[in-house]
Structure formats: C-alpha cells, structure tokens
Amino acid sequence: MSKHKLILCFMAVLCAVLLIRLAHITLIGHDKWDSYAEDMNTRAVYETGPRGDIIDRNGKIIACSRPVYSVNISRADMGSSGLVREEAMSSASDVMDLLKARNEDISVSMEEVNSSLSEKSYTSYMPVVIAEDIEPSTAKAIQDMELPGIRVSVNYVRDYPYGDTAAHIIGYLGRISEEEKAEYVGEKGYRLEALIGKSGIEKLFEDKLRGTDAVSRLQVDSGGNVTEQIDRQDTKKGNPVKLTIDMELQQIAEKALEDAIESAAAGGTFTGNYGDVRMAYAPKTESGAAVVLDVETGEVLAMASFPDYDPNDFA
C-alpha cells in the first residue's frame, strides 16, 4: 500500500474516532455535561436558619435563636428584574439616610457600594451589605419603603437568656473543626462555616436542634453577574428540646454552691435556708459540683458546677 493511501486510512480512522467521541459526549453524556455546566453557572446565597429552643420543665426558654437583621443590595434583582446600577445607587442612598436618622451603624460608603456593583469577579453574585444587626423597627421601616434592589435579610444567632446559669448543662456552639469536617460537611451536608453544638445539650441533641438554612440559587454569567434567581428555599426552625431541669431551682443550687466554695476557701461559715454550717478550712478549694434529684422519679432537677462560663460568648 502506498504512503498516500496509508495517510488517508489513518485520517479516516482518526475522524471516525473523533466522531464516535463527539457522539458520546453530545448524546450519551449529554445529561452529565449539561449538569456540570449548570453547576459552573450556579451560585448559592445562604441565610442561617434558627435552631430549636431548649426549655426547662416549666416551659422557660433557656436557649433560643435571636433574629439579626441586615440590609443589602440584591444582585438577584439586578439580574432578574432589570435593575440598573443607577437605580441601585439611588436606593442605597435613601436607605443610608434612613439608617443615619435612626443612629444605625453603616458598613459601607457610597463609593464602596458603587465599586462593589461595578466589580467583575467570582463573588460578584453576592449581595452588597449596607448595614448589619439593625433594630427590628428599622428593618420594618426599610421594608415599607419598597426600594428597588433593597432587601432585608434575617440570620439567626444563639441567645442564652439566663447567661451563665446551667451553662455546663446547655453547652455552647462553635465552628466545625478539621477533625469534624468529614462527619458534618461530608456526611451530614453542613456548610463549612456553620455553627454546631460543641458540648452539653447543644451537642447531644445537635441533629434535633439544627435548623434549615434559607438558600437562594442564582444563575450567573461568565463575569459572575447574576442573570436570574432560579429558586429559593426558606429557613425552617429546628425542633425544641425540653429538660427536666427547673431553672429557678438551678439558680438557687448554683448560688449555694458558689457560697459554699467561697466559705470553704476562707474557712468561714456557710449560711443556708436550713441552717448554718461551719466549713473546714480548705484554702485551695476552687471548684465543685452539686446535683438535685427527684427522689421519686430520679429526674435531675438541678445540676450546678463552679466555676462556670457564659455561652453567649461563643454564640
């Protein structure tokens, strides 16, 4: 066979291979690549969902989720509603005037807003935050203004109304550690920046207390600009957890324990409702614990520990 025919045969085989591969990609692998392209052009914006309440045996709230209101410029509106930058800037100016009149802290200047709206980057789909942690009344006033492109978002932070009371029982929240990443992010689908229970009831009942975050899925172009909002899922509050603890008795137990430790350290007399006790001198006494049980049911009514901490510092 001549060299010319060999080259033609080689080219024919190569073309056949390329055609088969093209057919595989466009027909058989269509769904896979279509899904891949969609993922590449889709971004998600999250709002933290509220965790379930922790209550005592009488229904008193020991831990709850406090709403935190923020005002921002929505890039989704600029993509799907035809909002132009000039309108967004005008709305931002009106909002800032209201925030100043109500003595709210403003996170950005008008120059920074303009720069953010003009920016072309991977994060161009993110909302431009104007102010955070504003008063509920201010949030309501901004919503009533119905300004184009302006949205009030709600995130939730953990709040412990009793402060350090029952802190060792309730526990606290914290970021997902490197060691916890495989379980919470890989297996349970948590966002990496999510807060989880690190100790106590918050950790023991994490799966029950956990709330569902709100998520807005946005379609973006090659420059990261939002072209439309695909869909939105609202937040869902986690389930409540009721304890056998009586918070009034818990406060009494913690105060009595602290007084007893101080009296022991000083070698003084512990004064209680049921009589005085002369404490043995124990200068190195710095900590202790006490438990109050229902003798009939075995339920824990109070469980004090000293020293304590305020879980609000970790919320």
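Predicted model: local features only at pLDDT ≥ 70, side-chain atom pairs only at ≥ 80, totals over all residues.
## The main nonpolar core

Which residues have the most contacts inside the largest nonpolar core? They are Val 71, Ile 73, Ile 130 and Ile 142, in a core of 21 residues. Several elements each supply at least two of the core residues: strand S3 (61–73), helix H4 (85–101), helix H5 (110–118), strand S4 (128–134), helix H6 (136–145) and strand S5 (150–159). Of these, H4 gives the most, with seven residues.

Ile 73 comes up again here, now through its contacts. Leaving aside residues up to four places away in sequence, Ile 73 touches Ala 88, Ala 92, Val 113, Leu 117, Pro 127, Val 128, Ile 130, Gly 149 and Ile 150. Apart from this core there is a second, separate one of 14 residues, which includes Ile 201, Leu 209, Leu 243 and Ile 245.

## One side of helix H6

Helix H6 deserves a look of its own. Its buried residues are Thr 138, Ala 139, Ala 141 and Ile 142. These residues lie on the same side of H6, because they cover an arc of only 160° around the axis. What covers them includes S3, H4, S4 and S5. Just after the helix, Glu 146 takes a positive phi of about 50°.

## A buried glutamate

Is Glu 202 buried or exposed? With a relative accessible area of 0%, Glu 202 falls under the 20% limit, so it counts as buried. This residue sits in helix H9, which spans residues 200–204.

Not counting residues up to four places away in sequence, Glu 202 touches Arg 51, Ile 54, Ala 63, Arg 158, Tyr 160, Ile 170, Gly 171, Tyr 172, Leu 173, Gly 197 and Leu 209. One of these contacts, Leu 209, is also named in the second core. Another, Tyr 172, leads on to the aromatic residues.

## An aromatic cluster

The protein has four aromatic pairs. One of them is formed by Tyr 172 and Phe 314 and is tilted, at 4.6 Å centre to centre with 35° between the planes. This pair links distant parts of the chain, 142 residues apart: Tyr 172 is in the loop between helix H7 (167–170) and strand S6 (173–175), whereas Phe 314 is in the segment after strand S14 (300–306). Phe 314 also pairs with Tyr 309, edge-to-face, at 6.0 Å centre to centre with 90° between the planes.

Together, Tyr 172, Tyr 309 and Phe 314 form one aromatic cluster.

## The protein as a whole

Stepping back, the protein has 11 helices and 14 strands. Of its 315 residues, 34% count as buried. The accessible surface comes to about 18,700 Å², with 53% of that area belonging to carbon and sulfur atoms.

Among contacts with a separation of 6 or more, 68% are between residues 24 or more positions apart.

Terms used. Residues numbered from 1 in each chain as written. Heavy atoms only, no water. Core = buried A, V, L, I, M, F, W, Y, C linked by side-chain atoms within 4.5 Å. Buried < 20%, exposed > 50% of the residue type's maximum accessible area, 1.4 Å probe, protein only. Helix = DSSP H or I, 4+ residues; strand = E, 2+ residues; numbered from the N terminus. Contact = heavy atoms within 4.5 Å. Areas by Shrake-Rupley, 256 points an atom, 1.4 Å probe, with all protein chains shown as cover. Arc of directions from axis to C-beta. Phe/Tyr/Trp six-rings, centres within 6.5 Å; stacked < 30°, edge-to-face > 60°.
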